[in-house]
Amino acid sequence: MALGLGDATAALERTPDGRRLVVRRETAAAAAAVWDVLTDTHCWPAWGPSVSAVDCSDRYVERGTTGRVRVVGTVWLPFEVTACRDYRWTWDVARLPATGHFVEERDEGAVVGFEIPPLASAYAPVCARACRRIETIADGRE
């Protein structure tokens, strides 16, 4: 069963990391531009409603990238990117598995999405808002 989140959808799906609530949104932006925004740590505060700052020595994440993110305006949490390939990256935040991030190529545009652990399903509206912001930023990069 898919849930509507405005212009995004959410459904429980099997992912490489097990069952997750997957939030996705079709975009007019090219997959490469969307991926660039998703992996650029300088952009995270612009598209991530829960991230207000990032401290990371890598501008673009790859497997093994570490740093910290400031959430809720004041709390700094450490992160490590656990996988990054084929237009998909995952991370642990405060040593706990967190959201997966992905891009799917389409003939025209792309799909951007997040894989949310089921216990964090209340985070789905935040991810839907992030999808819209990612598209806006990616459109500006094309």
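Begin with Cys43: its sulfur lies 13 Å from the closest cysteine sulfur, that of Cys56, which is too far for a bond. A disulfide here means a pair of cysteine sulfur atoms within 2.5 Å, and by this rule the count comes to zero. This is a predicted model, in which local features need pLDDT of at least 70 and side-chain atom pairs count only at pLDDT 80 or more, while totals for chains, interfaces and linings use all residues. Residues are numbered from 1 along each chain as its sequence is written, and side-chain values use heavy atoms, with hydrogens and water left out.

**The cysteines**

Keep Cys43 selected and display its surface. Cys43 is buried, at 8% relative accessible area; buried means under 20%, exposed over 50% and partly exposed in between, with a 1.4 Å probe and protein chains only. Next select Cys56, which also counts as buried, at 18% relative accessibility. The closest cysteine sulfur to that of Cys56 belongs to Cys84, 12 Å away and too far for a bond.

**The nonpolar core**

Select Val23, Trp44 and Trp47. In the largest nonpolar core, which has 36 residues, these three touch the most other members. Such a core is a set of buried Ala, Val, Leu, Ile, Met, Phe, Trp, Tyr and Cys residues joined through side-chain atoms within 4.5 Å. Helix 3 (residues 124-141) gives the most to this core, with seven residues. Helices (H or I, at least four residues) and strands (E, at least two) are DSSP runs numbered from the N terminus.

Which residues does Trp47 touch, not counting those up to four places away in sequence? They are Val37, Leu38, His101, Phe114, Ala130, Arg133, Ile134 and Ile137. Contact means heavy atoms within 4.5 Å.

**Strand 3 and its partners**

Select strand 3 (residues 18-27). Seven of its ten residues are buried, so strand 3 is largely enclosed by the rest of the structure. Strands pair if DSSP finds at least two bridges between them. Strand 2 (residues 8-15) runs antiparallel to strand 3 and is joined to it by seven bridges, and a hairpin connects the two through two residues. Within this pairing, Arg14 stands opposite Arg19.

**Salt bridges**

The structure holds eleven salt bridges, each a side-chain nitrogen of Lys or Arg within 4 Å of a carboxyl oxygen of Asp or Glu. Select Asp7 and Arg132, whose side chains meet in one of them at 3.0 Å, N to O. Asp7 lies in the loop between strand 1 (2-5) and strand 2, and Arg132 in helix 3, so the pair ties together parts that are 125 residues apart in sequence.

Then select Arg24 and Glu13, which form a salt bridge with the closest N and O atoms 2.6 Å apart. Arg24 is partly exposed, at 21% relative accessible area, as is Glu13 at 25%.

Finally, select Asp40 and Arg59, which meet at 2.9 Å, N to O. Is Asp40 buried or exposed? Asp40 counts as buried, at 0% relative accessibility, whereas Arg59 is partly exposed at 38%. To close, highlight Asp7, Arg25, Arg132 and Glu135, which salt bridges with shared partners join into one network.
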